[in-house]
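Me: Hi! I'm new to this one and would like a quick tour. Could you show it to me?
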Amino acid sequence: MDTMRDRFVSVTSKLLDEDHRLAVVLAEITMDGFRPAQQRHPDRVINVGIREQLLVGVGGGLALTGLRPVVHTFASFLVERPFEQVKLDFGHQGTGGVLVSASASYDWPAGGFTHMAPGDVALLDTLDGWTVHTPGHPDEAEALLRHAYAAGDDKVYVRLTGQSNAAPRPVGDLRTRTVRTGSAGVVLAVGPLLDEVLAATEGLDVTVLYAATVRPFDDEALRAAVGGAAPQVVLVEPYLAGTSAAAAGQALMGVPHRILPLGVGRAELRRYGTVEEHTAAHGLDAASLRRRITAFLR
């Protein structure tokens, strides 16, 4: 199976041929995959080199000309390093574009903390009007990328990762979907953590929700799920723990409830290890999730 990043290259290269409004801005990362497209469209596939602030600034400038910019690099260099440019060159200027990241929270442990961005979604939450997609499978990534490219002048962040669920889920309507139903509580799984959540909750009397689009937060889906279950909610997110706790609390305003936010911890893990070892160290593997969820539901 191809990866989300592979799918990003293939679908974007194809759409560059079809949509003359689309433009891609790169900072060396994934440049090799886009060389054929650059040969066909040298004016709309731009590599600025390892200059991430410029990367975002060029994307904002292209948006001002009426193009639909697709800006891409590792998440730590796309959201965190050039955050001021994201804030000003898109938000303040009132333009739109699509930020497409790679490497996510800890996809490349050997790269160290410089190449990890567990706080990216939380950081974007400080800005207004961003749609955030967190696909859990390459097929979902393709569907959400196509949706983002066609989304007029909206500001969209597509968070790609090397981790994947075994099978895709329907994501075209951007809604949070019910995967299982139960009465003891609600577990909301985000993106590539769905399979771990399903394994962790096997046999438990809980409702499992799945979200591949986390902003805007699907208030209605969570309220509906809690309406048929105990007002206990577990959030399982592949980025900083607690990122969506405020959004979930807002959705349940007026309903007495408890929330357990699970995700990537704030402590830096200084040993490289593997992706699987990082997942376990953050308590996001199936066995750890089951212990944490069952303890909370008691």
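This is a predicted model: local features need pLDDT of at least 70, side-chain atom pairs count only at pLDDT 80 or more; totals for chains, interfaces and linings use all residues.
Me: Which strands does helix α3 lie across?
Reply: Helix α3 (residues 52-64) lies across β1, β2 and β3 (68-74), and runs at about 170° to β3. Contact here means heavy atoms within 4.5 Å. Axes are lines fitted to C-alpha atoms, for helices over the stretch in contact, with angles from 0 to 180 degrees between N-to-C directions. Helices (H or I, at least four residues) and strands (E, at least two) are DSSP runs, numbered from the N terminus.

Me: What about α2, which strands does it lie across?
Reply: α2 lies across β1 and β2, at about 140° to β2.

Me: And how do α1 and α2 run relative to each other, parallel or antiparallel?
Reply: The axes of α1 (residues 4-18) and α2 (residues 31-40) come within 9 Å and cross at roughly 5°. They are therefore roughly parallel to each other (angles under 35 degrees count as roughly parallel, over 145 as roughly antiparallel, 65 to 115 as roughly perpendicular and the rest as oblique). Residues making the contact include Phe8 and Leu16 of α1 and Phe34 and Ala37 of α2.

Me: Back to the strands. What order do they take in the sheet?
Reply: Seven strands form an open sheet in the order β2-β1-β3-β4-β6-β5-β10, with mixed pairing. Two strands pair if DSSP finds at least two bridges between them. β2 (45-47) and β10 (213-215) are at the edges with a single partner strand each, so one side of each has no neighbour in the sheet.

Me: How many bridges join β1 and β2?
Reply: Three bridges, in the parallel sense. Val25 has Ile46 in β2 as its bridge partner.

Me: New topic: which residues of α9 are buried?
Reply: In α9 (residues 219-227), Ala221, Leu222, Ala225 and Val226 are buried (under 20% relative accessible area; exposed is over 50%, partly exposed in between, with a 1.4 Å probe and protein chains only). Seen down the axis, they fall within an arc of 125°, so they line one face of the helix. The arc is that of the directions from the helix axis to the C-beta atoms.

Me: What's on the other side?
Reply: Glu220, Ala224 and Gly227 are exposed there.

Technical notes
Residues are numbered from 1 along each chain as its sequence is written. Side-chain values use heavy atoms; hydrogens and water are left out.
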